[in-house]
Amino acid sequence: MTLLRAWLTGIPAYLWSGWGAIASLFLLLAAWEGASAVHGALILPDPGTVFATLAGLVDSGAAWPELAVTARRAATGLALAIAAGSTLGMLAGISMTASMMSRPLVTVLLGTPPIAWLVLAMLWFGASDGTPVFTVFIACFPVIFVGALQGTRTLDGHLREVATVYRLPLRMKLFDLYLPHVVSYLFPAWITALGTSWKVVVMAELLSSADGVGAALAVSRSHLDTAATLAWIAAVVLTLLTVEYLLLEPVKRELEGWRRQETEGGAA
Amino acid sequence: MLNRNPVNLSHPLWLCGFRPFFLAAAVAAAGLMALWGGFLGHGLPLPAVPGGPFVWHAHELIFGFALAAVAGFALTAIPEFTDTAPVPAQPVRLLFMLWLAGRAGFWLSGAGSGEVGGVGGLGAAALAVAALAHLGLVGGLVALLAPRLVKDPERKHLSFLWALLALAVPIAGFYADALTGAPPARWLHATIGLLMILIVLALSRISMRIVNSALEERGESPDYRARPPKRNLAIVCIALYTVAEFLSPGERIGGWLALAAAAALCHLQSDWHVGRALFRRWPLMLFGVYLLMAAGYGLIGFALVSGSDGLSAGRHLLTVGAIGLSIYMVLNIAGRMHCGQPPDERRWVPAGAALLAGAALVRAATALPGAPVALLLATSSLLWLSVFAAWLWHMAPLLAGPRRDGGTGCEGIIETAT
């Protein structure tokens, strides 16, 4: 209860600390405005025009369906990657042999550019939802796998021995020892994967789909409509910023706080 | 022995550098606003100067009122920060004469010319005198204080030196424009930005003492720190906006930068979220300066980005609000402390701060559609005038009189063994 209250009273301070980020973003907008003044509206429309176009897209109802389609594909691919990557990564982490064996495979997966996977996916799945979902999955999987692997490998051996010696029940071992530690590694990996998924899905849609933000980008590009292109980009980035800073970053801070305490406790 | 003639160096007026300048600042604040109110409300004439009445108003309040306060603050605070000997009375009197010459020169700068606002022979000479006087004042401050700031082993306060040196630039620019007949107002706007930076710098020093002593009074640990990164971000944003405003006034790019400055100032406020101690009178007044500054830049940014009215309103939140309130604070805190008196705990001090904030908000409200502009302007100047008149009423005897605690100069409250 006190934990919850401390967390709740921390919310205003967290939100207030966002002003620093907002200041940086305004500086970016100023640079954008300056670049637009130099290069002209055809190359780079000014922020005001772009946001007006975005507002027009939202008002006309054109934006939400496309964003929803894109979000569905990204979320499906990401969910599959989280499920598979976390499970397999933890399993691989338990066994020294498995983790040794899997490392080169992960390197191969990480080293293959997503665009290559996209081409394969287009051959396998055609113009269906399967193409973006598969590409997202394959781009996110290795990131999460490595996070899970490291989380499991770095588990404190002494604590595990203590738990075994005192015959802690499995449930307690799982929820009080293993999970908190592993999650503190897994969660940042999930957040990285979320960013990746959102970027990759747009790319996949651009080349393979008839709907979604990526497809809308392809259309605005073919119309040479820079303002609409930037408006869609702004929509994608703003969605990601909102999800990341309002939802995930606070949770991440909590978890990292836990990890900091752990290392400080270890040092003391 | 103490002398009754205020020109004589043994008069208590010259005991410490802030005394003549703080008094002059308050007299200027009240007097200038009375003249301005008379002009706006009743068409009473103002001295004819290059650029016209609005330039007179801005020039006098910035280079008259605010510069006097800056001089008084720098002459007193920098020796204290750097732990060096107080500035002797003689150069202080010289600097004060320069300040007076600056007023006289500028006020007479329209003389001898046929048309109002033009520059004629006599007027040009007066303008040149004013230019030299203002530059001499800033140069004298730098000459007196730079060695102390540079020799300080940690050089913690060197930023004050840069800010003082930077002040000479808009002064030189203003008079160069005025002498060549160009519209000089842009230099005054740039000075506002510089003063904002100077306020952020000065308040970070003052706030450490004020907020921590408020925390101590409440029995909490005095762990408030004015940390540099947030402050530097705010300073960078303000500087960028000031440059953009100078180079391309009225453009949207300046609007985004002003919004960045507002956000950075809000960010800076998070240092201040120390719980209930913030609501003690002194921390709250200092916090109000940041709030008004953020609001001012926010309004300027909004006006420029959306293309709506409100630039002048935002600017007056900065000048009436942030400059007025911070100077009022310094006049009250340093003004009493270096006379050997504890802070004034009577009600007129926070009441004055509230009225000043009110004056800024009322002035800003003129930008609202359908606002009764004349009434609001008159109210705002009356509020401002009354605050500084009240300050003079309470504080002038202290600043112009001898110290009652046996102190002989600038030293703070003398601890008596009990």
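This is a predicted model: local features need pLDDT of at least 70, side-chain atom pairs count only at pLDDT 80 or more; totals for chains, interfaces and linings use all residues.
Colleague: Why are α10(B) and α11(B) called roughly antiparallel to each other?

Modeller: The axes of helix α10 (residues 311-337) and helix α11 (residues 348-364) of chain B come within 8 Å and cross at roughly 170°. Angles over 145 degrees count as roughly antiparallel, whereas those under 35 count as roughly parallel, 65 to 115 as roughly perpendicular and the rest as oblique; α10(B) and α11(B) are therefore roughly antiparallel.

Colleague: Which residues of α10(B) and α11(B) meet, and of what classes are the residues in the contact?

Modeller: Two residues are in contact if their C-beta atoms, placed from the backbone, lie within 7 Å. On the α10(B) side the residues include B:Leu317, B:Gly321 and B:Tyr328, and on the α11(B) side they include B:Gly352, B:Leu356 and B:Arg363. Ala, Val, Leu, Ile, Met, Phe, Trp, Tyr, Cys and Pro count as nonpolar, Asp, Glu, Lys and Arg as charged, and the others, Gly among them, as polar, and by these classes the contact has twelve nonpolar, five polar and one charged residues.

Colleague: What makes α4(B) roughly antiparallel to α5(B)?

Modeller: The axes of helix α4 (residues 121-151) of chain B and α5(B) cross at roughly 170° and come within 10 Å, and that angle makes α4(B) roughly antiparallel to α5(B). The contact of these helices has 23 nonpolar, two polar and no charged residues.

Colleague: How many helices and strands does chain B have, and how many does chain A have?

Modeller: Helices (H or I, at least four residues) and strands (E, at least two) are DSSP runs, numbered from the N terminus. By that rule chain B comes to twelve helices and zero strands, and chain A has ten helices and zero strands.

Colleague: Why does the radius of gyration of chain B agree with that of a compact globule?

Modeller: The radius of gyration is taken over C-alpha atoms, and the globule rule is 2.2 Å times the number of residues to the power 0.38. For 418 residues the rule puts a compact globule near 22 Å, and chain B has 21 Å, which agrees. The C-alpha atoms of chain B fill a box of roughly 65 × 50 × 40 Å along the principal axes, while the C-alpha trace of chain A spans about 70 × 50 × 30 Å along its own.

Colleague: Which domains are assigned in chain B, and what makes up the side of domain 1 that touches domain 2?

Modeller: The bounds come from an automatic or database domain assignment, which gives domain 1 (1-183) and domain 2 (201-401) in chain B. The domain centres, taken over C-alpha atoms, are separated by 21 Å, and 28 residues of domain 1 are in contact with 25 residues of domain 2. On the domain 1 side, α1 (18-42), α2 (53-81) and α5 (158-180) of chain B each give two or more residues, with α1(B) giving the most, 15 residues. That side divides into 23 nonpolar, four polar and one charged.

Colleague: Where do chains A and B touch, as seen from chain A?

Modeller: In the contact between the chains, 16 residues of chain A meet 16 residues of chain B, and the largest share of the chain A side, 14 residues, comes from helix α1 (residues 2-39) of chain A. The chain A side has ten nonpolar, four polar and two charged residues.

Colleague: Why is A:Leu44 called partly exposed?

Modeller: A residue is buried if 20 or more other C-beta atoms lie within 10 Å of its own, exposed if 12 or fewer, and partly exposed in between, with C-beta atoms placed from the backbone. A:Leu44 has 19 other C-beta atoms within 10 Å, so A:Leu44 is partly exposed. A:Leu44 lies in the loop between α1 and α2 (47-59) of chain A and, not counting residues up to four places away in sequence, touches A:Ala35, A:Ser36, A:His39 and A:Thr226.

Conventions. Residues are numbered from 1 along each chain as its sequence is written. Chains are lettered from A and ligands numbered from 1 in the order in which they are written. Axes are lines fitted to C-alpha atoms, for helices over the stretch in contact, and angles run from 0 to 180 degrees between N-to-C directions.
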